[in-house]
Amino acid sequence: MKKEYDVVIIGCGPAGIFAARELVSEGLSVLVVDGGKDVEDRVCRMKEEILCRQCNPCDVMCGVGGAGTFSDGLLNLRPDIGGDLSEQTGDVEKAWELVKYVDGVFLEYGAPDELLLPKGEKIKELEIRAASVGARFVPIGQRHIGSDRASVVIKNFKDDLTEKGVEFLLKTFAERLLVEDGVCRGVILEDGRAINATYVLIAPGRIGAAWVEKIVREYGIEAHYAGIDVGVRVEVPALIMDPITSINRDPKFHVYTHRYDDFVRTFCTNERGFVVKERYDDFIATNGHSMKDEESPNTNFAFLVRVDLTSPIENTTRYGRSIAKLATTIGGGRPIIQRMGDLRRGRRTTERRLERNPVQNTLKDVTPGDISMALPHRMVMDIIEGLEVLDKIIPGVASDSTLLYAPEIKFYAMKLTVDHQMETTIKNLFAAGDGAGLSRDIINAAATGVLAARGILKRSDGKS
Ligand SMILES: Cc1cc2nc3c(=O)[nH]c(=O)nc-3n(C[C@H](O)[C@H](O)[C@H](O)COP(=O)(O)OP(=O)(O)OC[C@H]3O[C@@H](n4cnc5c(N)ncnc54)[C@H](O)[C@@H]3O)c2cc1C
């Protein structure tokens, strides 16, 4: 390991590796530091529980490839899903070009050719159906790498970077930054070693969000709390969703509710999939996934309310955690499950009602209960109203037997203020990806990494 690099990148997820590729291609010396292991040494046996007890949580979220390595590897080929790239590019067309570019790189490293494209004529019909009830359908092309192939693509990517001269320092977390007179000059590792660099790019992903908050405070980097998404995981017979998922595998519907004018959306649809638990330090939440070798008779999706806070409490993460903790308390340490009909009528779902419900729950370790005891009134009303709007587009989705699991919650990192080159308010310190609040999915994280690298190249003596 050298004493000085042109660029040190913190984080080896999509944002970090895409940035490294751009930089090394232009002849810059690059070191990528990651607290996790190499891709082949990471272990995960996700099934009933995301971050299951058999897995080392750090193996799931940390290491070469980042959080995407054990994911379904579903690439959302849109700049405005999983972030808003045009905010950074300043131009919608450039944002789309960037998405195509990132997708092309994934193909180069072995992502499958097949594209899941929304089907033309039928898309128009869906758009009209959604618009007629005041909702919006957002068509999206996707590429499904698949959980089995994602790690192969990542290995190919890393091997190519190594061949081109990128150095990797793994199983080592960055602890602090070297900042002198408002200019970032390198990083200090957890073992106390200092690495000097002309530029530093922080790309530490969601797992690094707390670390980002720490350095924001320590170095006075400009940042603000981003909104969070709170709601439920909805489970219905696959037959109900088939007419929609056959047009678009992961359909995105956006609704603004009448009562509160709140933004509610569908997210992460798992066709014939399973609802799973998501274990945090002090609460339980829900999520969903689908598997290649096992199907359920149900389809599930997240139905989420956007929560932004202003004075006196802007810390959306703290608010979200307190909601999730309350839900965990009322569920006796398990996710709460409730039939839509019971929620609508203000009564608890009991074991007996659940047993005779026509839709059987795929996640068994749950407490039949009352979601209105767990989530704030406003969110419950948004969920009921939003699902009833959705029912007019997807008949049956809000029927009495529909199952709702709570809480489902999506936290996002503090959003760092960056300019169009992705430079933060500290000179020579650049940021990209989920950990800096600049993206929320693989494509957008990778694209912000590309933008940050191009920003660095512009600044580095005309090497771009
Ligand atoms: C279970 C799961 C499934 C998902 N499925 C999908 C999907 O199908 N499609 C999709 O688009 N998105 C999916 N996502 C989200 C996607 O994985 C992320 O949006 C994406 O990986 C973010 O990329 P990133 O580079 O910003 O950060 P990450 O991929 O999180 O990588 C950050 C890296 O930084 C390292 N790091 C953190 N702090 C430090 C530090 N202080 N020092 C050194 N290293 C550090 C971490 O070890 C990690 O390897 C999924 C996420 C999860 C958890």
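Guide: Two strands pair if DSSP finds at least two bridges between them. Helices (H or I, at least four residues) and strands (E, at least two) are DSSP runs, numbered from the N terminus. The model is predicted: local features need pLDDT of at least 70, side-chain atom pairs count only at pLDDT 80 or more, and totals for chains, interfaces and linings use all residues. Residue numbers start from 1 along each chain as its sequence is written.

Visitor: In which sense do strand S18 and S19 pair?

Guide: Strand S18 (residues 336–339) pairs with S19 in the parallel sense, over 2 bridges. Ile-337 stands opposite Pro-368 in S19.

Visitor: In what order do the 8 strands form the open sheet?

Guide: The order is S5-S13-S14-S17-S12-S20-S18-S19, with mixed pairing. Strand S5 (135–138) and strand S19 (367–368) stand at the edges with a single partner strand each, so one side of each has no neighbour in the sheet.

Visitor: How is a pair of packed helices described?

Guide: One gives the angle between the two axes and the distance between the axes. Axes are lines fitted to C-alpha atoms, for helices over the stretch in contact, and angles run from 0 to 180 degrees between N-to-C directions. Here, the axes of helix H1 (residues 14–25) and helix H13 (residues 442–459) come within 7 Å and cross at roughly 35°.

Visitor: Which residues make the contact?

Guide: Residues are in contact if their C-beta atoms, placed from the backbone, lie within 7 Å. Among them are Phe-18 and Leu-23 of H1, and Ile-442 and Val-450 of H13.

Conventions. Contact = placed C-beta atoms within 7 Å.
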